Amino acid sequence: MMKPNRIRVIVRCSAARSLLGGDIVSRIIGRHKCSCLTLENTFKCYDLETGPTMDVELSREDALSMYTKMLELRRFETVAGNYYKQRQIRGFCHLYTGQEAVAVGMKERLRQCDSVITAYRCHAWTYLMGVSLYEIMAELLGFRTGCSRGKGGSMHMYGENFYGGNGIVGAQVPVGAGIGLAHSYKNDNGVCVVLYGDGAANQGQVFESFNMAKLWCLPCIFVCENNHYGMGTHEKRASAMTEFYMRGQYIPGLWVDGNQVLAVRSATQFAVDYALKEGPIVLEMSTYRYVGHSMSDPGTSYRSRDEIQAAREKHDPITSFRSQMIALCLADEEELKMLEDKTKKRVDEECKKAAGDKEVELQELNTDVYAKNVDRKIRGVSGYHLEHIRLSEVCFGKPRKTPLSEINDVPVGAAIDLAKAKERKAAQDAKDAKEGKAGQKPKDPKDPKAAKDSKGGDGDKKAKPPAAGDSKPPTAAAKAPAAKAPPAKAPPAKAPPAKAPPATKAPPAKTPPAPK
């Protein structure tokens, strides 16, 4: 294992190198479009033959994009904290300040088909998964333009392939395993990123999810965002084993410096490839939050202000990445300052616009309580009679009833087994009938119809076999009436089959031909 104490960055520019400062080696030649970096001491592996690639490429476009996203998240959380202090945001509010590199770095390597589910500290992930800052702020304020129409608040936001924010500690982990099972069942080449905190790492449902994911080889990436404090308790006081990336036991693990966005990005690419080929993997992102557990927690009663300030100065993900971009000649000081001002202004405008919206109307109090309402009213409400309303019906009107002709009778429960048994029996009966029809001709050569088919239609014109003891051959006069009789009226052989002489004993040559 390697000690995570530093990062060495090597830039290849015109085959020349010079020492820039500390462990960063670079050749400053104007502004570069792309640089190649070598990461060191940012990973620790458990039960893995190889780890993430240490040589990574960083383009100017990617660098500015990641830096902008981290700035947006930092500024948004700052505004949200201010609104909460002004009592514009009520209820729970968990900020992501200080952990931006984890979400931004991971999202850089996730694909459109991948899914994400996280805990209640979900503002950053909601934005990165496609929900606008305007909709997120409106949701925090409880306005109807919010992504959950103002009813979810800080912990319950959702988007495409984003299964939320979840308010129960650790409850998202088994749900994430189920999402991984869905990816495996649909065979859509997707993986599910399941995020939880170090405070939830001791939950029994986490280990149950590990077990199922390993048994079924699910494409799950379990990510422990270790900010070193579960609410107000330090990890060493709450966990007997603080190496959370080893907690999977039979699942390989990887420790990542979560304050380095490039290390997170490289680890995520490795984890996606591994999950698709080998199954689940556990990542531990070592990071730090500058604020309390929630807005109701000042964050200084269980740790000193000096500790928080030291983390900001030494390990801040935005400041460190900013220094790397300048050192790698991907951007200059003036350009980054303009980008920071522009980003701050844009985020403030989006939040101010959301603050001017309207709250959810009272008539929506009893909307969408049930996914499928049977009683047409809200149950368990004392003193009120509330009719259940679907929001889609409020906005778009009630859907038309499906005609009976378009409704398929789909069996459920035990009826499914009965229907399948009936189908199997019908298929077997049809198969037997087909085989019986095909094998009917060769089974009985004495059958008149079979003889007719095999001898070109002359079977019906043969004389009736002579009775027992009769040695005279049939005469033409006796044969003639039988020839005129239609096939349907041909008299059946009344004599027992055992006593009837075989047809081959009658000499065919002596039989007179039938009259034409």
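Me: What makes Lys377 partly exposed?
Reply: Lys377 has a relative accessible area of 37%. Buried means under 20% relative accessible area, exposed means over 50%, and partly exposed is in between, with a 1.4 Å probe and protein chains only. The value of 37% is in between, so Lys377 is called partly exposed. A word on the source: this is a predicted model, where local features need pLDDT of at least 70 and side-chain atom pairs count only at pLDDT 80 or more, while totals for chains, interfaces and linings use all residues. Residues are numbered from 1 along each chain as its sequence is written, and side-chain values use heavy atoms, with hydrogens and water left out.

Me: Where does Lys377 lie, and which residues is Lys377 in contact with, leaving aside neighbours within four places in sequence?
Reply: Lys377 is in the loop between helix H11 (333-355) and helix H12 (391-396). Helices here are DSSP runs of H or I with at least four residues, strands are runs of E with at least two, and both are numbered from the N terminus. Contact means heavy atoms within 4.5 Å. With those neighbours set aside, Lys377 is in contact with Tyr370, His385, Leu386, Glu387 and His388. The C-alpha atoms of Lys377 and His388 are 4.7 Å apart, although 11 residues separate the two along the chain.

Me: Why is Gln99 called buried?
Reply: Gln99 has 2% relative accessibility, which falls under 20%, so Gln99 counts as buried. You will find Gln99 in the loop between helix H1 (60-85) and helix H2 (100-107). Beyond residues up to four places away in sequence, Gln99 touches Arg121, Glu225, Asn227, Thr287, Tyr288 and Arg289.

Me: What makes the pair Gln99 and Asn227 a polar contact?
Reply: The side chains of Gln99 and Asn227 are joined at 3.0 Å. A polar contact is a pair of N or O atoms within 3.5 Å; within protein, one must be able to donate a hydrogen and the other to accept it, and residues adjacent in sequence count only if both atoms are side-chain atoms.

Me: Why is helix H4 (residues 133-140) described as largely enclosed?
Reply: Seven of its eight residues are buried, so H4 is largely enclosed by the rest of the structure. The buried ones are Leu133, Tyr134, Ile136, Met137, Ala138, Glu139 and Leu140. They pack against H1, helix H3 (123-128) and H11.

Me: What makes Asn161 partly exposed?
Reply: The relative accessibility of Asn161 is 23%, between 20% and 50%, so Asn161 counts as partly exposed. Asn161 sits in the loop between H4 and H5. Phi of Asn161 is near 60 degrees, a positive value in a residue other than glycine.
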